[in-house]
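This report is for a reader who is new to the structure shown below. It goes from the overall fold to single residues.

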Amino acid sequence: MRLLKPRNLPTIREYLKEFRTEQCPLFLQHKCTQHRPFTCFHWHFLNQRRRRPIRRRDGTFNYSPDVYCTKYDETTGICPDGDDCPYLHRTTGDTERKYHLRYYKTGTCIHETDARGHCVKNGLHCAFAHGPHDLRPPVYDIRATRVPTTTTAGIEGEIHGSSSTVFSTLTSTTSSADVARLFRELDEAKRKIKQWEEAWHQVKQACEACQKDALEAKEQAKTAEAERQLAEQKWEETERKLKELQRDFDMLCRTPGTPLLRSYGELEQLPLSKLHSIQSQLRNDLDLIDGVRKPRSHTFHL
Ligand SMILES: [Zn+2]
Ligand SMILES: [Zn+2]
Ligand SMILES: [Zn+2]
């Protein structure tokens, strides 16, 4: 492992291969002077650690320069998939992306250089080129080179965070990075549309259930109303019949041919057989009245 000395700056190759890939031995001895502010060439904490980018024999990268890992913990610097994870780990300073074979020094920095030749914004380790002599051609993943590219300049100046508008950066100088980002944004948009669709579907289902309940309640109310009307009708009919019977009974009582109710005293003069006949007649009448007085029995014995 090399230790950074003044006037003996690491080469581009050394940045690609070694920048922040090893832990600082001085830091472990509490002797590193580049800890605060953190400008050390090596990593001090695990979330500053960067994996070396490698283009494998089949032309693919060991990890993507564009697609961020969703499992990487930016605080601890740990990914459950370890160093074999094929996605980009968002290390401190986004070093896995900036110092990737795909991007490192492939674009020109928008910031000036100070008297010592250090970038005024990004310092000694600036990942962008300060002058044409500092530029290098990007190395692409074989899968990315299948997308036609019209420029080798790649990203210039700063690497911007992912944009929220899908076609925000589709220009005449579309690089494979832009295309990759567009694909990511498209995926994200598709995912959002799917979420909306699911939410809409749920709302629709809830709505349909509500409508069904409302219809059922309406039907029940209708049935209840019909039953109530029927009961009312029956009650009215019963009342009418009762009145009829009372009228008949009154008439019967006033009829001169019926000796029964002319006066109480005359009853004693009647023969027993006649009394029995009157009694049975009265019973029949009473049964009839009783039957009418019970409207729920629905039978009137008329
Ligand atoms: Zn250090
Ligand atoms: Zn990962
Ligand atoms: Zn710079």
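## Overall make-up

Helices (H or I, at least four residues) and strands (E, at least two) are DSSP runs, numbered from the N terminus. This is a predicted model, in which local features need pLDDT of at least 70 and side-chain atom pairs count only at pLDDT 80 or more, while totals for chains, interfaces and linings use all residues. Residues are numbered from 1 along each chain as its sequence is written, and chains are lettered from A and ligands numbered from 1 in the order in which they are written.

The protein has six helices and zero strands, so that the pattern along the sequence reads α-α-α-α-α-α. A residue is called buried if 20 or more other C-beta atoms lie within 10 Å of its own, exposed if 12 or fewer, and partly exposed in between, with C-beta atoms placed from the backbone. By that count, 17% of the 302 residues are buried. Two residues are in contact if their C-beta atoms, placed from the backbone, lie within 7 Å. Of the contacts with a separation of 6 or more, 51% are between residues 24 or more positions apart.

## Annotated segments

UniProt, in an unreviewed entry, gives the annotation "domain: C3H1-type" for residues 63–92 and 103–133. The record also lists residues 63–92 and 103–133 under "zinc finger region: C3H1-type". UniProt positions are in the numbering used here, feature names are shortened, and annotations may be inferred rather than shown by experiment.

Residues 63–92 are 0% helix and 0% strand, with 17 Å between the end C-alpha atoms. Residues 103–133 are likewise 0% helix and 0% strand, and their end C-alpha atoms are 16 Å apart.

## The loop between α2 and α3

Asn-47 is in the loop between α2 (25–28) and α3 (95–98). Asn-47 counts as partly exposed because it has 18 C-beta neighbours inside 10 Å. Beyond four places in sequence, Asn-47 is in contact with Glu-74, Thr-75, Thr-76, Gly-77, Thr-91 and Thr-92. Thr-75 is 28 residues from Asn-47 in sequence, yet their C-alpha atoms are 6.3 Å apart.

Most residues other than glycine have a negative phi, and most peptide bonds are trans. Pro-37 is in the loop between α2 and α3 and is joined to Arg-36 by a cis peptide bond, with omega about -5°. Asp-94 is in the loop between α2 and α3 and has a positive phi of about 55°, although it is not a glycine. Asp-94 is partly exposed because it has 17 C-beta neighbours inside 10 Å.

Lys-105 is in the loop between α3 and α4 (142–145). Lys-105 is not a glycine either, but has a positive phi of about 55°. Is Lys-105 buried or exposed? Lys-105 is buried, because 22 other C-beta atoms lie within 10 Å.

A nonpolar core is a set of buried Ala, Val, Leu, Ile, Met, Phe, Trp, Tyr and Cys residues joined through C-beta atoms within 7 Å. The largest one has 14 residues, and those with the most contacts inside it are Leu-16, Tyr-99, Tyr-104, Ala-127 and Phe-128.
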